[in-house]
Each structure stands twice: as structure tokens, then as C-alpha cells.
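Work through the exercises below with the sequence and the 3D structure at hand. Try each task before you read its solution.

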Amino acid sequence: MIRSLTAALLLLAAPGFGAQDPEALLHSGQRWLDAGNARAAVQSFRRLVDAVPDSRSHYYLGVALLQDDRPEEAAASLRRAEALAEAPNPALALSLGTALLRSGEAEAAVRVLEAGAKHFPRAAPILIQLGYAHYTRLDGISARAVLRRAREVAPNNAQAPFYLGLAEAALGALEPASEAFGKAVILDPRNFEAQVALGRTLSQLGRPEEAREAYRAALAEAPGLPAALVGLGRLELEEGRPEAAVASFEAALAADPGHRQALYNLAAALSLLGRTEEAAAVRRRFAEAAAAGDDPGRSLSRTRSKARPR
Amino acid sequence: MKAVSAMAGALLALAAAASAQPEIRFTEVAEASGLRFINMYGGVRSKDFILETTGSGAAFFDYDGDADLDLFLVNGSRLGYDASRSLSNALFRNEGGGRFREVTGPAGLESYGWGQGAFVVDHENDGDLDLLVTRYGKNLFYRNRGDGTFEEAGAAVGLDDPQWGTGAAFGDLDRDGVSDLVVVNYVDFEVDETPRPGEEPYCLFRGLPVMCGPNGLTPAPALLYRGLSDGRFARVEGQAIGAERYFGLGVVLGDLDDDGDLDVYVANDQTPNNLYRNDTGARGFDFTDVGLSAGVAYNEDGRAQAGMGVDLGDYDNDGLLDIVVTNFSQDYNTIYRAVGGGWFLDESFAAGVAEPSYPYLGWGTGFRDLDRDGWLDLVVLNGHVYPEVEGGITESDYAQRGLVFRNRTDGAFDEVPPTALEVPRVYRGAAFADYDDDGDTDLLATVMNGPPALFRNDTDTTAAWAGFRLVGRRSPRDGVGARLELTGGALTQVREARAAGSYLASSDPRVFFGLGDRDGPFGVRVRWLSGCEQEIEAAPGRYLLVVEPPGCGGS
């Protein structure tokens, strides 16, 4: 309540509010974005689009919509910006690619980002986003190639090795993955996601002590991080200490009660300890979480004809 | 000083043992053996429907009772093809000396259609092995007349279900001496009702329009049949098996909780795998799906994988059956290690099979002791589902090589050069058998739209071996489900007599033990499904016929 009131006051105080001065609307929207109020920024940029429906206005509106977690609308606005643009623009390509990716349109995102990377081959953010887009569509080979290029272009960018690590891991190349994650945490020791990914990869490589260290580093940055606690729990389970594993999985669930991996492994650990009723209860929670994510598909006709040889 | 010397000696001995490991070696001999057969299965360069992707399997079985293993190969079809343009299933008689001769017509086994798997049973306990062929369309059941010919009796015995049957397994689930049956079905599929490549989001693969499914299509329920003493099968409903729909592909029977009866494990594509615990008693069939509670429904992340092929085996020689399931590429093949109490852990990475499997899409698989050292090795056959990926857009092409893993004897495997299996093919089924009776396990691989590959095991080893051919009396005559425990010596090995498993395949039902450097007679304890327990003394180097003692087991 206080926040929205403050937002309203700020909006009223913004230069140009109530007027159609495009520059004022632009600055107003940018200030909202800087202040982290994407919704207010959207309002400003909508007025800007009404006033001056050019590529720049649609671009800003798209960025604000993206920040307001409305990727489909953002993609539509950024598409219009792209159509109206006189020349390729790396920021526009990156924003549109991101909006499409977040809308679940990975194929379209790849096309946009590939075009962007072609025009701006040294734009590391575009390459990284393109690599990530390939990764999300399970194309590890393309992801690896693009992210290696990103790493060459921007050797100090910590995102490139992180996503490269994900691509390598998806290809089952665990040693290169661990090297990439290791590089990512050197470049950005506060990247707890990279620490967790490093821990998981080291665990899969049969290096439990190093894995444990990585998970602990992640927890130092993000106390209670469920993924790190689950990783530690898995190590305990594999090393035959189900009691310790239970504690770790329960800690993960304290932070995220619906964490599927934690639920699944907690049930296993409880079963191993003979705590079958508790295990059954956890399994029910897991089944509910799994069912919420499972969609075997829509119904199709049960008849058949043509495919069978006559 | 003495301790140091002893340790050095032990290390040297270990090093010597390691260096003495023979190279696991296969030679491809299909054509030289007389196996002239071409599989036809859907489009070659593109596939419009999921029906065109599953491929066909094979069965090793002694159809003519001459004590060697013959081979039945299943064939498929192509969209819009009728029988005149399709290719038939085929039976090849083992002529001895590693040679086969086709006898399809005389045996009465000519058949066309979308054949899937082939599964063997001595249903009437008359000593003649019968054959079930699962299909898209009515399943076929060939009753062996005992004179080298068969009659199709699917409708007569109640097995002509019209769904898309894939994996199946015969076994005496209620321990009444007559084999029962589980058939898994894949997709409730109809061409006219299925979107075409690219028409829906689930009909794209890395931007390429490809056939749709299985996600987005309707899964199909499994079927449970009770074998009747009059030669028919009766559908059993109201059980956990068949209660829910899954994209079923692989099924295998084994005593996974070591309580003396056969449990049912099903590998499902894109849906959780099932472990149906068998608690059947006097009140009839009683199955409960304990896959989730046992830890074998999902991988370690609690994620359903894309199960295709499956096998059971005690790879760590701890007396408990472990499970291997093959999965899609950019995922890993899963080993569920039994840890006692009916629980399993996904130990695929620790076992060393996960990382090498990522580039490959796995199908047929089997735990087999390929080098006869007493430890089960592992074979996985691969091949993509989308011909459209040919040309480098994936980590491996449509045709893929096989994987061979040698058991390191410490709970893990090393991937070893697969010799002849390194040739990329679009593999599907894998049937294992010592078809040339030379004391090692060979492999028949079915290949989509191509000739099969027969991989003769030419591993150069002096390690001893022994095999057992089982004949039940109170238990089913084919012996399936009997558990053998090799006792004495440094290793205790547990093996079960099993034919169905892998992917769409039936393998040598004889129980094979690699004996390493063990020589001289040794003891084997046999536990029949009837409950009969039998101690026998055996000698290496041959297949021994073991008959269930009369009057043993049960009441």
C-alpha cells in the first residue's frame, strides 16, 4: 500500500506527467525503471508509444514489460520496435530474444539472437543469451559453440563460463563442465548457482569432498539454499549416512516446502532408516508436486485405421 | 618391512590381475551366419509419426527342441504399405556351426504388419516353445505344434489385444505352475488424429519439425493376463498393472524384493517407471506399484526419464538384483542399485555409466558377463528416433554406436572399446544368447530399416564358465523365474533364469556363470518358483540340464 502510494506520488512529481512531452515521458519511464518500479515505467512508456509510436518508444515499453514479468506483451512490443527500426540494434536484439525465451518461444528466440550475433559478433550478452537459448532447447552442441565464443570475446564475463558449464553438463562432458563452473566461481565467487552446479558436477565425477566444499561455498553466499542442501544430502546418502541426509533434505524443505528433488530424496533416506510412515507421507507430497508438473497429454481418438497395413 | 613387502606384493598382484583382463571383443557375423533379413520400419529419411520410431525386436529360442537356439526376427511396415509391399517376420533355424537357415514359410510364421517385440513361453508346459509377437494392431500368439510348425492362435487363447503392444514378459506370477503374462502398451495412437511434424510445440526438436510425441499424445494402459491350465489366457483387471496409463516400452520380471515371487518392472517413456510388487497369494493376484517408494520410478532428481530398454542383474554381486534402464540422449542411462529392504538408489554416475551415455539414445540393454570373470558387464545399443537429425545438429547422428561397459568389480564400470559395436547403426532390440554354444554370450542387435547385426563374442579368455538349462515340474517347464546362487569360492553370484527383457527381445533363458579362475566342481543352489530348493554340484565348461525334483516345493 505504502509502496503504491509512493509510486503514485513519484509519478505525479515526475517531469512531464500529464503532458505529452515525449522526452519527459521517456525520462519518467527510465526513472521508474531505475527505481525498480516496472509497472509505473510501463505506464509512462505506453503514453510515450501513444505520443511517438516509433522504434525507440516500443523498445522502452518492451523493456519495461519484460521487467514487469510480462514477456509475451514485451515480445509483441519489441517486435514492433524491430519492425520500425532503421538499423539492427544489439540492445533490441537482446531484449527481444530474452522476451521470446521467457515466453517459451525458444526457436524464435534463437532466430532473433542468431541474427543479432551475426550483426554484432563481439556482443557477449547476445552470445550468452543465444547459448542459453540453445541450452533450453536441448541443443548442447550449439550452446557449447556459442558460449565458447562468448568466453573468447569476454574472458572476464562470469556468465559465459557458467552457461558453458551447463551446456557441457547437458552433453555429459563432466570434466569440461566442472572446469567451466570453476572458472565461473573464480570470476564471480558470489555466484551461488555456479557453486551448486560445480558441486553437482564434482559429485557426478566422484569427487565428493570437492563437491561438498562447493555446496558449502554456495550456502555461505545463500544460506538455506535448497539446491545446495539437496546436493549435500545426496552426498550423505551415497556415503551411507541417511540420518545426515535427512537433516539436509529437511533443511532444504524448510526453505522450499515443494522442492521436488528434496522430497524425493528425503523419502528415500527415510525409507533407508526404516521410518516408513514418514517416508510415505513425504512421498505423497512428492507425488502431488510431480503430478502438478506432469502432463501426459491431451486425449486423442482411440480409434485407428490408416497406419495399419491393409 | 615385512608389511611393506606384503603390500607391494598385493599391489603387484592387483596390477597383474588388471593387466590380465582380456579385451572384450565382438565380431559381426550376421551375413556370414546366413542371417539374410532386412527390417522395414517406417520412413528412412524422415518420420511423420511416432509409430515409425519404435522399431522391432527379436527372440532367441529353441523352436524345434534340438537344444540349440534359433532366431526369430520381427519386421515392421511403412505407412500406407500393405502386405504385398511389406516384409515378413522371419524364423532362422540354427544349423550348428554358427550357421542359420531361414524356415519362416515352412514354420508357418510369415506375417506382415507393425511388429514390435517377440516373447517366448512354454505355455502348455509341453516342452514346445510358443511365441508372442506384440504389434501395433492385434498381437499374435503362435502356438508351437511340436513338429517345427506353428499356428496363430491369438484370438483363441485371448491374446489378440488390438492396442499398440511393445514390451511383454511371460512368467509365473501366481506360482501355480502356468506362465502368466504382462504386456505393456505405448501410445493410444491413430494417424488421422495425430498432428503432423511441426504442427504443435511438441512436434519440434531443436527447431526441426519432427514426429509428435509421446508427450502430447495419450498413454496406453498395460495388460495383465493369467495363464490358464487349458492353454488360454484371461485378462486380469482391477490390479495396479493397467490401472494407470503410461508410455510403456520395456518390461522385465524378477524377484526384486527377494521374497520368492516375480515382481514386474516397467520402463516408461516420459512417464515414471513402475515397480509392481507381487504380493499374490491364495486370494489371487495382488500387485502394488511401489516404484516411487522403492526409488525406481524417477532419477535422483525426482524427474521422470524416457525409459526404453530395461534389464535386471546383480552387477555388484551382493545377492540383490539391480536395474538398468536406457533413456533418451542428453540424459543418462540409469542404474538403480539395490541397497536392501526393497530400496534402490540411482547410482548411475557412481557406477560410471551415466556420463558416457549422454550423447546416445539408448534402447536394447543387458547385464551379461562378457569376459567370464564372474561380474556382470553391461551392453547398451543406441540409435536416435529422428532421422532428421542426421548431419551434425545433435551430439550424435541418427545412427549411433553401441556402448560396452566392463565391470570393474568395485561397484562401477569402465567403458571399453566396443569393437564391432562401434559401427553406427540405428539400433533397437538386443537379444543375448550363446547361440554357438561356445561358452560365452553373443548379441543379436536389430537395426531399423536395415539388416540385423549378430555380434559373436570373441573375447579371448581362459576363464571358466558354466551354464544351466532348467526344466521345471511344479514350476513352469521353461524354468523362467528360477534363482540360482553359485556358492563357494571367493564370489557368490546370484542369477535368475529370464528370457524377456532388454528392448522388445527375448534372450537365452539358460543361466550363465562366468567362473574366472575357479576350477573343479562347485555348488549351485536353485530356488524354483514353486518354492522348491535344490542343491546341485556342477562342473565348469558345459551346459548342465537341471530338472526340478518331483514332489519338491509347495504343498
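**Exercise 1. Find which residues have the most contacts inside the largest nonpolar core.**

Solution. Start with the term: a nonpolar core is a set of buried Ala, Val, Leu, Ile, Met, Phe, Trp, Tyr and Cys residues joined through C-beta atoms within 7 Å. Buried means that 20 or more other C-beta atoms lie within 10 Å of a residue's own; exposed means 12 or fewer, partly exposed in between, with C-beta atoms placed from the backbone. The largest such core has 275 residues. Those with the most contacts inside it are Ala64(A), Tyr163(A), Ala58(B), Ala59(B), Phe119(B) and Val182(B). Helix α16 (residues 260-272) of chain A gives the most to this core, nine residues. Helices are DSSP runs (H or I, at least four residues), numbered from the N terminus.

This is a predicted model: local features need pLDDT of at least 70, side-chain atom pairs count only at pLDDT 80 or more, and totals for chains, interfaces and linings use all residues. Residues are numbered from 1 along each chain as its sequence is written, while chains are lettered from A and ligands numbered from 1 in the order in which they are written.

**Exercise 2. Describe how α14(A) and α16(A) pack.**

Solution. Take the angle first. Helix α14 (residues 226-238) of chain A packs on α16(A) at about 25°. Their axes are 10 Å apart. Axes are lines fitted to C-alpha atoms over the stretch in contact, and angles run from 0 to 180 degrees between N-to-C directions. So α14(A) is roughly parallel to α16(A) (angles under 35 degrees count as roughly parallel, over 145 as roughly antiparallel, 65 to 115 as roughly perpendicular, the rest as oblique). Next, list the contact (C-beta atoms, placed from the backbone, within 7 Å). From α14(A) come Pro226(A), Val230(A), Gly233(A), Arg234(A) and Leu237(A). From α16(A) come Gln261(A), Ala262(A), Asn265(A), Ala268(A) and Ala269(A).

**Exercise 3. Which helix gives the most to the side of chain A that touches chain B?**

Solution. Count the contact: 43 residues of chain A meet 51 residues of chain B. The helix that gives the most to the chain A side is α16(A), with seven residues.

Terms used. Helices (H or I, at least four residues) and strands (E, at least two) are DSSP runs, numbered from the N terminus. Two residues are in contact if their C-beta atoms, placed from the backbone, lie within 7 Å.
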